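Subject: Structure handover

Hello,

Here is the structure we talked about. Please open it next to this email. My notes follow below.

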Amino acid sequence: VRAGTNTLKCELTTAPDGTIESFAVVQTAPEGYPELRPHRISIGFYDLNDEGQVVRTSQVSLDINGERTEVPALVGVHRPGLILPNDDDLSFAKIRLDMKSANFATQHLGQMVDPVARGLLWASAWDSVSDGEWAAQQYIDFALRNLANETNSTTTQEVLNDLSVAAHLYVDPSLRATSIERLAAAEWEMAQNAPAGSDRQLQFVRAFASNA
C-alpha cells in the first residue's frame, strides 16, 4: 500500500449538435506519490427535469487503470449539463469536473436531488481549494450560492467548517475582514430562513456566532 490519493477527471469533446465525439477518464497522482491505481467507477449524467430538479438521466460503469481510459460507450450520446465521475462514490479518489459541468454545478447544486452526488460535488470544490486550484474567495462564492438549499445535516456542517477555514485562513489578508463579515451576514440570513428550532437553524446560528 502506498500513500497518495488519485484524482479522476472526464475529458471529452462534443459536436455542434451536442453529441459526444470523444470521452476518456484521466487519472493523476500527487507529485510526491506518483502511484496510479485501478478503480471501479460509475460516470453519472445529470440534468434539470421539468420540475427544475437536477436528476440523474443515465449512468455507465467501468474499470479504469493507468493515466487515461477511453470510454467508447459514451461516444454519440448527448452531452448533459453535468457529468459526474465516480458517481455513487464507489472508489476512493478525488474528482474534478470539466468546465461545463463545473459551471452547471455552481448554478444548480442546490437543486440536485441525490445527497451522495451533492456530497461529491461539495468535496470536489473543497479539494480544489486545498490543492490550490481554486482561490478561497471562489469557494466562498460557490458555497454561499448553494448552502441554503443543502438538506443533509452532516454536509451542511462540513461546508460551514470549510467556509470558516477559507475566510479565516485562506483568503488574502487584505480581504479577510470583509470576507468574514460577508460570511457572518449570510449565515445569519440562513438561520432566519431555516425552520424555527430546527437543527439546521442551530447550525447556522452557531456558525454566525463564530464569525460575527
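Is D88 buried, exposed or partly exposed? D88 is partly exposed, with a relative accessible area of 31%. Buried means under 20% relative accessible area, exposed means over 50%, and partly exposed falls in between (1.4 Å probe, protein chains only).

**Ground rules**

This is a predicted model, in which local features need pLDDT of at least 70 and side-chain atom pairs count only at pLDDT 80 or more, while totals for chains, interfaces and linings use all residues. Residues are numbered from 1 along each chain as its sequence is written, and side-chain values use heavy atoms, with hydrogens and water left out.

**Overall picture**

The chain has 6 helices and 7 strands. Both are DSSP runs numbered from the N terminus: helices are H or I with at least four residues, strands are E with at least two. Along the sequence the pattern reads β-β-β-β-β-β-β-α-α-α-α-α-α.

The C-alpha trace spans about 50 × 45 × 30 Å along its principal axes. Buried residues make up 43% of the 212 residues.

Contact means heavy atoms within 4.5 Å. Of the contacts with a separation of 6 or more, 61% are between residues 24 or more positions apart.

**Loops**

Back to D88. Its place is in the loop between β6 (82-84) and β7 (94-96). D88 has a positive phi of about 70 degrees, although it is not a glycine. D89 is in the loop between β6 and β7 too. D89 has a positive phi of about 55 degrees and is not a glycine either. At 44% relative accessibility, D89 counts as partly exposed. For background, most residues other than glycine have a negative phi.

D50 lies in the loop between β3 (39-48) and β4 (54-64). D50 is exposed, with a relative accessible area of 80%. D50 and A209 are 159 residues apart in sequence and 39 Å apart in space, C-alpha to C-alpha.

**Aromatic pairs**

How many aromatic pairs does a search of the whole structure find? It finds 5. Rings of Phe, Tyr and Trp (its six-membered ring) pair if their centres lie within 6.5 Å; planes under 30 degrees apart are stacked, over 60 edge-to-face, and the rest tilted.

W126 and Y170 form a stacked pair, 5.8 Å centre to centre with 15 degrees between the planes. W126 lies in helix α2 (residues 115-130) and Y170 in helix α4 (residues 153-170), so the pair ties together parts that are 44 residues apart in sequence. W126 counts as buried at 13% relative accessibility. Y170 counts as partly exposed at 43%.

W134 and F142 form an edge-to-face pair: 5.5 Å centre to centre, 70 degrees between the planes. Both W134 and F142 are buried. Ring pairs link W122, W134 and F142 into a cluster.

**Helix packing**

Axes are lines fitted to C-alpha atoms, for helices over the stretch in contact, and angles run from 0 to 180 degrees between N-to-C directions. Under 35 degrees counts as roughly parallel, over 145 as roughly antiparallel, 65 to 115 as roughly perpendicular, and the rest as oblique.

Helix α1 (residues 99-108) and helix α3 (residues 136-146) pack at about 45 degrees, with their axes 8 Å apart. That makes α1 oblique to α3. A105, T106, Q107 and H108 in α1 meet F142, R145 and N146 in α3. This contact has 2 nonpolar, 4 polar and 1 charged residues. Nonpolar covers Ala, Val, Leu, Ile, Met, Phe, Trp, Tyr, Cys and Pro; charged covers Asp, Glu, Lys and Arg; the others, Gly among them, are polar.

α4 and helix α5 (residues 176-193) pack at about 155 degrees, with their axes 8 Å apart. They are therefore roughly antiparallel to each other. Residues that meet here include L160, L163 and S164 in α4, and R176, I180 and L183 in α5. By class, the contact has 6 nonpolar, 2 polar and 2 charged residues.

**L183**

L183 lies in helix α5. L183 is buried, with a relative accessible area of 0%. Not counting residues up to four places away in sequence, L183 touches L144, L163, S164, A167 and N211. The C-alpha atoms of L183 and F208 are separated by 7.8 Å, and the two residues are 25 apart along the chain.

Best wishes
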